[in-house]
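Hello,

Here is the structure for your files. My notes on it follow below.

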Amino acid sequence: MFPDINGIETPAFASLQQHAETWKTQHMRALFDQDPTRFDRFSFHQEGMLVDFSKHMITDETLTLLTDLAASCQLKEAMDALFSGEPVNRTENRAVLHTALRDQSDRMVVVDGEDVKPAIRQVLEKMRLFCNEIHAGIRTGADGRSYTDVVNIGIGGSDLGPAMVCEALKPFHKKGIRVHFVSNVDATHLVECVQDLDPATTLFIIASKTFTTQETMTNARSAKQWFLESGMQEEDIARHFVAVSTALQEAQAFGIDPDNIFGFWDWVGGRFSLWSAIGLSIMLAIGADGFDSLLNGAYAVDEHVRTAPLNKNIPVIMGLLGWWYNQFFEARTHAVLPYDQYLEKFPAYLQQADMESNGKRIDRRGKEVSYPTGPVVWGAPGTNGQHAFYQLIHQGTQLIPCDFIVPARSQNPLGDHHAILLSHCLAQSEAMMKGKTAEEVREELEHSGMTEEEIQFQLPYRVFPGNIPSTTIIVPECNAFQLGQLIALYEHKIFVQGVLWNVFSFDQWGVELGKKLAAKILPEISGRKEPSGHDGSTIGLIKEVLRLRS
């Protein structure tokens, strides 16, 4: 049974609240000075990956109190419920089993009395066969030529995850196939994507569970129109359009061959779906073996989560630390800073995964919460971010915990580029932790020959408070296995925090209201119906758009 325990209601909470007060007079710099083994005690290895928590506002006592909190919230029991297929998504009465999609063990995973793993293996095998035939040139377009371009049409989890992974693993793409992603209902996204493509060598993937998602189906119909207007025939659609969906009849009505419809299940949440048939674009990009490696990386983390004690469990510690800063230090945002250009889309991917999961104000008992829940997740690749927003992190008035992610080896070794990148990454985490004292600034300015009057003026502007917490994650290289690990770490971190906040992390009712209102506004903004039933601002805006369009 999934526990129903709020972290702030546990005995551990009062101890943590009292302990947090001690950090008003502590600085991480002093802790490093006092304890030369701090890095060894607060960093962990996992299948080639290093995760360093030593630059956090924690001591051994802090970690003990935090893991006591996790135990009081019955986190292990919650994990067991998740892995076993209990309907932990209570508002929709669904299991949440993205972990089953990559489970390499012999364990059964039972949903409604049936082991779901044989069906998972069957879909994976169908995907492998399909992709292998395309890569071998056995499966071709209507005129017998091999496919050169794949266009994935989806939105949300049907776009962000696959797009992020394909970008992150660009060095491992199969030769001769380019993968594109269209998500925005803004026609520009589709038009810019297809304008230079050859329809005879283009394969479209329509990724929509219900085959009714407005943005996806609008783009799909326009892609079909472009395909036919470019000289292709109706019967060619079956060779150039495939679907990832549970809506067999709707996909067939679109013109898709039933053999080219790849299914998944209602226990696959959108933002956790890249491991399912939604990852077909990934497999086409990196091959079946590469996709298997991605799954294996995630499975390695799943096994770590299942077996590691709480005080050595990496995603558990990640989740606890985020909760610690959110609850006691008013940290309302979290920066994800990948020092790898291929991970450019990773912060955006985590925005959806985290903010759609834990951006909740009602707890599991149906009561409004009295405490902060999910943070705003944001970020950009280093070193670009250093010249954009790091100023706010270093010297602003908000505490912003950061995650630095960097591969030890570059996929594109060129001169000193990667050494410079690494030096900046490590220097930023050090600077955030240590800061720069007034005494250090004074010594530096005196050494430069500055007058005392000018020093007095300049000094306060050049002081850095430091004590900014950060996690540093180092991987050997950004390959499929390591990326699978990285994604799974954050998935489990999100789950841990949802348990501590006692919210439902796997529904997303907040996306529905805007959809319903948009459906009402559409005929009005198209001029087919008089605007009514809205507030004065919305009616005024509709009328102004109609005036400008006319």
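First, a term: a pocket is an open set of points on a 1 Å grid over the protein atoms alone, where a 1.4 Å probe fits, with protein on both sides within 12 Å along at least five of seven lines. Lining residues have an atom within 4 Å of a point. A volume is the space filled by probe spheres set on the points, which are joined across faces, edges and corners.

This is a predicted model; local features need pLDDT of at least 70, side-chain atom pairs 80 or more, while totals for chains, interfaces and linings use all residues. Residues are numbered from 1 along each chain, and side-chain values use heavy atoms, without hydrogens and water.

The second largest pocket holds about 370 Å³. Its lining has 16 residues; Asp340, Gln341, Ser410, His418 and Leu421 lie nearest the centre. Helix α16 (417-434) gives the largest share, three residues. (Helices are DSSP runs of H or I, at least four residues; strands are runs of E, at least two; both are numbered from the N terminus.)

The largest pocket has a volume of about 1,100 Å³. It is lined by 40 residues, with Thr213, Gln508, Val511, Glu512 and Lys515 nearest its centre. α9 (214-229), α14 (346-358) and α20 (512-525) each supply at least two lining residues. The largest share, four residues, is from α20.

There is also an open sheet of five strands, paired in parallel: β6-β5-β7-β8-β9. Pairing takes at least two DSSP bridges. The edge strands are β6 (178-182) and β9 (261-262). Two bridges join β8 (241-244) to β9. Val244 stands opposite Phe262 in β9.

Best wishes
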